[in-house]
Amino acid sequence: MRIERINTWLTCGDPHELEGLFAHADTLRHEHVGDEVFLRGLIEIGNYCRRECAYCGLHAGNRRIARYRLSADEIMEAARKAVACGFGTVVLQGGEDAAFSKGFVADIVQRIKGELGIAVTLSLGERTAEELAAWKRAGADRYLLRFETSDNVLMEAVHPPHPEAPGRFETLQALRDLDYEVGSGIMVGLPGQTFATLSRDIALFDELELDMIGIGPYLPHPDTPLGQTQAISALDCGSHDTEAAAPALSDQVPATPDMVYRAVALARILRPDANIPATTALGVADEGHGRLRALAAGANVVMPNCTPVRYRSLYEIYPGKDSTSEAEETLAVLCDQIHALGRTVGVGAGKSPSFLKRADRNRV
Ligand code: 5AD
């Protein structure tokens, strides 16, 4: 799909046409990745971070949160719980923290693979090719690293470079070279993100040949530089002189659930073989509907939180995350919702066809 077409969908004001977009994405989802919804157990292994991302509650300068790291035993305990819930994958996510060293992460990946045999996804920020290679050798299967926005100027402003961090696109390339199943994605409605930018972001999902695509709304956090900036409130954006006028390419994208559903549907159309989660942030922004509506607009994965409840409230990337429900409770609700959609809960690792096809091509 050409960028102009993506932009037309993002700015479309006709609800009937949009229903057609969501239905088309849902059909492609059914044809390419089936009716199973795969659940990934998310373990937030620590909230220390060296970065100063202006949007993220875990940014290094935030003195208002208590910092924590899970021990290897605590990570194992959470992973066992994920398996007890029937999840075929755990996602170990944390800030860019030197304590999650090459050796520490390799050991924990090896323990999980050896004892539990499930798929392991890492989401630990921009890391060197050497670290990524060691973790792959230890058995890691997948890696998630959102590029957040394709606008380099905006990215530098909200995600200042760090002298020891390789950079997002460099890390994504290294992951690809190392044969990881590679996930990336964006926030929708980041202040400064225009419709032209968002159209390019979505086109990039295909250019990067992503296996997994995570899309969530930007949610302002009061203890962040961006959250404190009143001038560019995401809610003020997208207002127009005349109500009927469609947004222009240069307009700010609103951080609305509707805009995220459009991006999810377009991601499915561009990358029909990818795994696409109904993200937690979307669940927060569109309480009670977010995950369901995303699942009906192209998504096929959900990532229930398996972090020990005592640490949950400290992993506050954005406000409003559920920090009290045990994984088992979330699972019960999710299963009902998935069945109500006429879908089933996925069994096994749930690799993306996108990755499996690439692996096949590389074999011949
Ligand atoms: N609102 C929404 N999503 C956020 N993330 C970080 N901060 C916020 C925020 N304020 C997302 C980023 C990051 C992922 C782990 O969380 O996209 O890659």
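Strands here are DSSP runs of E of at least two residues, numbered from the N terminus. The model shown in these views is predicted.

**View 1. Val90 in strand S2.**
Val90 is part of strand S2, which covers residues 89–94. The relative accessibility of Val90 is 0%, so Val90 counts as buried, the cut-off for that class being under 20%.

**View 2. Thr149 in the loop between strand S4 and helix H6.**
Strand S4 spans residues 142–144, and Thr149 sits in the loop between this strand and H6. Thr149 counts as buried because its relative accessibility is 1%. Its side chain reaches the backbone nitrogen of Asp151 at 3.0 Å.

**View 3. The residues around the ligand.**
The shell around the ligand consists of Tyr55, Cys56, Arg146, Glu148, Met187, Pro217, Tyr218, Leu219, Ile317 and Tyr318. By class, this shell has 8 nonpolar residues and 2 charged residues, with no polar ones.

Tyr55 and Leu219 both face nitrogen of the ligand with backbone atoms. For Tyr55, a backbone N or O atom is 2.9 Å from a nitrogen atom of the ligand. For Leu219, the distance from a backbone N or O atom to a ligand nitrogen atom is 2.7 Å. Arg146 takes part through its side chain, one polar atom of which lies 2.9 Å from an oxygen atom of the ligand. The ligand taken alone exposes 410 Å², and the protein buries 87% of that area.

**View 4. The second largest pocket.**
The space in this pocket is about 250 Å³. Its lining is made of 16 residues. Those nearest the centre of the pocket are Met155, Glu156, His159, Gly167 and Arg168. Two helices, H6 (152–158) and H7 (168–177), each give at least two residues to the lining. Sorted by class, the lining of the second largest pocket holds 6 nonpolar, 5 polar and 5 charged residues.

Technical notes. Residues are numbered from 1 along each chain as its sequence is written. This is a predicted model: local features need pLDDT of at least 70, side-chain atom pairs count only at pLDDT 80 or more; totals for chains, interfaces and linings use all residues. Side-chain values use heavy atoms; hydrogens and water are left out. On a 1 Å grid over the protein atoms alone, a cavity is a set of points where a 1.4 Å probe fits but cannot get out, and a pocket is an open set with protein on both sides within 12 Å along at least five of seven lines; lining residues have an atom within 4 Å of a point. Grid points are joined across faces, edges and corners, and a volume is the space filled by probe spheres set on the points. Helices (H or I, at least four residues) and strands (E, at least two) are DSSP runs, numbered from the N terminus. Ala, Val, Leu, Ile, Met, Phe, Trp, Tyr, Cys and Pro count as nonpolar, Asp, Glu, Lys and Arg as charged, and the others, Gly among them, as polar. A residue is near a molecule or strand if one of its heavy atoms lies within 4 Å of it. A polar contact is a pair of N or O atoms within 3.5 Å; within protein, one must be able to donate a hydrogen and the other to accept it, and residues adjacent in sequence count only if both atoms are side-chain atoms. Accessible areas come from the Shrake-Rupley method with a 1.4 Å probe; for residues, only the protein chains shown count as cover. Buried means under 20% relative accessible area, exposed over 50%, partly exposed in between (1.4 Å probe, protein chains only).
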